Amino acid sequence: MVGQLRSRLASMEASGELEQAELNEPLRNELTMTSKGGYLSVWLHTDTGKGSWNVITGELQVAEPWFMSSEGIVELSGESMNLPNAVERFAAKIVVK
């Protein structure tokens, strides 16, 4: 998950969707990102599948739990989705248009 999110955010920076992005992995299975648009943190406890994410921008301040099954199905904001869709959902939160 961290690898896919890191790749997606780097791609967004290269395409100009993000400015001044700085990616960091302060803990195992956690990715934080700061950019001109704000702050994003995504964390997953791999043994339990429980995680949390939060985002802070000028327009949005949200934090909530999420869950990923061993089959890679993600429960996020009351919806089930696959991991690539969850990565897109997380990444979209930090973009300020």
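Is Phe90 buried or exposed, and what is its relative accessible area? Phe90 is buried, with a relative accessible area of 1%; buried denotes under 20% relative accessible area, exposed over 50%, and partly exposed the range in between (1.4 Å probe, protein chains only).

1. Basis of the note. The model is predicted: local features need pLDDT of at least 70, side-chain atom pairs count only at pLDDT 80 or more, and totals for chains, interfaces and linings use all residues. Residues are numbered from 1 along each chain as its sequence is written, and side-chain values use heavy atoms, with hydrogens and water left out.

2. Helix H1. Helices (H or I, at least four residues) and strands (E, at least two) are DSSP runs, numbered from the N terminus. The 13 residues of H1 (residues 2-14) should span 18 Å at 1.5 Å a residue, and the end C-alpha atoms are 18 Å apart, which agrees; the expected span is 1.5 Å times one less than the number of residues. Just after H1, Gly16 has a positive phi of about 90°.

3. Faces of H1. Val2, Leu5, Leu9 and Met12 are the buried residues of H1. Seen down the helix axis, they fall within an arc of 95°, so they line one face; the arc is that of the directions from the axis to the C-beta atoms. Gly3 and Ala14, on the other side of H1, are exposed. The buried residues pack against strands E1 (22-24), E2 (30-35) and E3 (38-44) and against helix H2 (83-93), contact meaning heavy atoms within 4.5 Å.

4. The sheet. Seven strands form an open sheet in the order E1-E2-E3-E4-E5-E6-E7, with antiparallel pairing; two strands pair if DSSP finds at least two bridges between them. E1 and E7 (79-82) are the edge strands, each pairing on one side only. E5 (residues 61-68) and E6 (residues 73-76) pair over two bridges, and Met68 has Val74 in E6 as its bridge partner.

5. Helices on the sheet. H1 lies across E1, E2 and E3, at about 15° to E2, whereas H2 lies across E3, E4 (50-57), E5, E6 and E7, at about 110° to E7. Axes are lines fitted to C-alpha atoms, for helices over the stretch in contact, and angles run from 0 to 180 degrees between N-to-C directions.

6. Aromatic rings. The structure holds two aromatic pairs (ring centres of Phe, Tyr and Trp, its six-membered ring, within 6.5 Å; planes under 30 degrees apart are stacked, over 60 edge-to-face, the rest tilted). Trp66 and Phe90 form an edge-to-face pair, 5.3 Å centre to centre with 70° between the planes. This pair links Trp66 in E5 to Phe90 in H2, 24 residues apart. Trp66 is buried, with a relative accessible area of 3%. Ring pairs join Trp53, Trp66 and Phe90 into a cluster.
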